[in-house]
Amino acid sequence: PCNNYHPPICIGGEPILVGREGGLGYGEFLGQCTPNTLTGSWFSLLPAGQCANGTRPTSPDVCTWRIVEKVKTIDVKCLFQRGMFDACKADVRLPFPKTTNIFVTAFEQDDPSKGGCPPYQE
């Protein structure tokens with residue numbers, strides 16, 4: 001069962017556990033217990049739950065999440081320069097194919113001439 005409650009319920013205010021919902025809150029129980037194939041899933045990774053370096057999530061008493069690999073960070077300005085705002089308005093509703101294409105290409109490519117966004121330098 002989803003989150004071990006019968007029926008599944010949302011309990012807010014948890015400082016350590018990882019939160020999960022469907023993008024934009026779509027899906028039964030806001031997508032907490034569904035595959036979220038149209039929207040993807042949003043995860044809330046609270047600082048108190050982060051594992052120390054080298055520690056693996058084993059129980060909520062220790063830690064609940066860790067960074068395995070940072071793939072790429074981009075600047076949101078780049079997405080708007082690629083036309084994401086206009087694509088979102090044109091798509092109107094799920095599954096947002098034009099918007100998704102811009103988003104995915106921005107991460108797959110670094111070259112702006114190919115629709116990509118360069119890695120953000122922190």
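Is Cys88 buried, partly exposed or exposed? At 37% relative accessibility, Cys88 counts as partly exposed, where buried means under 20% relative accessible area, exposed over 50% and partly exposed in between (1.4 Å probe, protein chains only). The model is a predicted one, in which local features need pLDDT of at least 70 and side-chain atom pairs count only at pLDDT 80 or more, while totals for chains, interfaces and linings use all residues. Residues are numbered from 1 along each chain as its sequence is written, and side-chain values use heavy atoms, with hydrogens and water left out.

Cys88 is one of the α2 residues that meet α3. Helices (H or I, at least four residues) and strands (E, at least two) are DSSP runs, numbered from the N terminus. The axes of α2 and α3 come within 7 Å and cross at roughly 155°; axes are lines fitted to C-alpha atoms, for helices over the stretch in contact, and angles run from 0 to 180 degrees between N-to-C directions. Helix α2 is therefore roughly antiparallel to α3 (angles under 35 degrees count as roughly parallel, over 145 as roughly antiparallel, 65 to 115 as roughly perpendicular and the rest as oblique). On the α2 side, Met84, Ala87, Cys88, Ala90 and Asp91 take part, and they meet Pro97, Lys98, Thr99, Ile102 and Phe103 of α3, contact being heavy atoms within 4.5 Å. Seven nonpolar, one polar and two charged residues make up the contact of α2 with α3. In this division Ala, Val, Leu, Ile, Met, Phe, Trp, Tyr, Cys and Pro count as nonpolar, Asp, Glu, Lys and Arg as charged, and the others, Gly among them, as polar.

The whole structure holds two disulfides, a disulfide being a pair of cysteine sulfur atoms within 2.5 Å. One joins Cys51 to Cys63, with an S to S distance of 2.0 Å. This link of Cys51 and Cys63 is right-handed, with 85° about the S-S bond. Both cysteines lie in the loop between β2 and α1, so the pair ties together parts that are twelve residues apart in sequence. Cys51 is buried at a relative accessible area of 7%, and Cys63 is buried at 2%. The loop between β2 and α1 also holds Thr64, which is buried with a relative accessible area of 17%. Leaving aside residues up to four places away in sequence, Thr64 touches Ile16, Leu17, Val18, Gly49, Cys51 and Pro57.

The sulfur atoms of Cys78 and Cys117 are 2.0 Å apart and form a disulfide. The link of Cys78 and Cys117 is left-handed, with -100° about the S-S bond. Cys78 belongs to helix α1 and Cys117 to the segment after α3, so the pair ties together parts 39 residues apart in sequence. Cys78 is buried, with a relative accessible area of 7%, and Cys117 counts as buried at 0%.

Two salt bridges are counted, each a side-chain nitrogen of Lys or Arg within 4 Å of a carboxyl oxygen of Asp or Glu. The side chains of Lys72 and Asp110 form a salt bridge at 2.8 Å, N to O. This pair links distant parts of the chain, 38 residues apart: Lys72 is in the loop between β2 (41-44) and α1 (76-81), and Asp110 in the segment after α3 (97-108). Lys72 counts as buried at 13% relative accessibility, whereas Asp110 is partly exposed at 43%. A salt bridge also joins the side chains of Asp86 and Lys89, at 3.9 Å, N to O. Asp86 and Lys89 both lie in helix α2 (residues 84-91), three residues apart, about one turn of the helix. Lys89 is exposed, with a relative accessible area of 52%.
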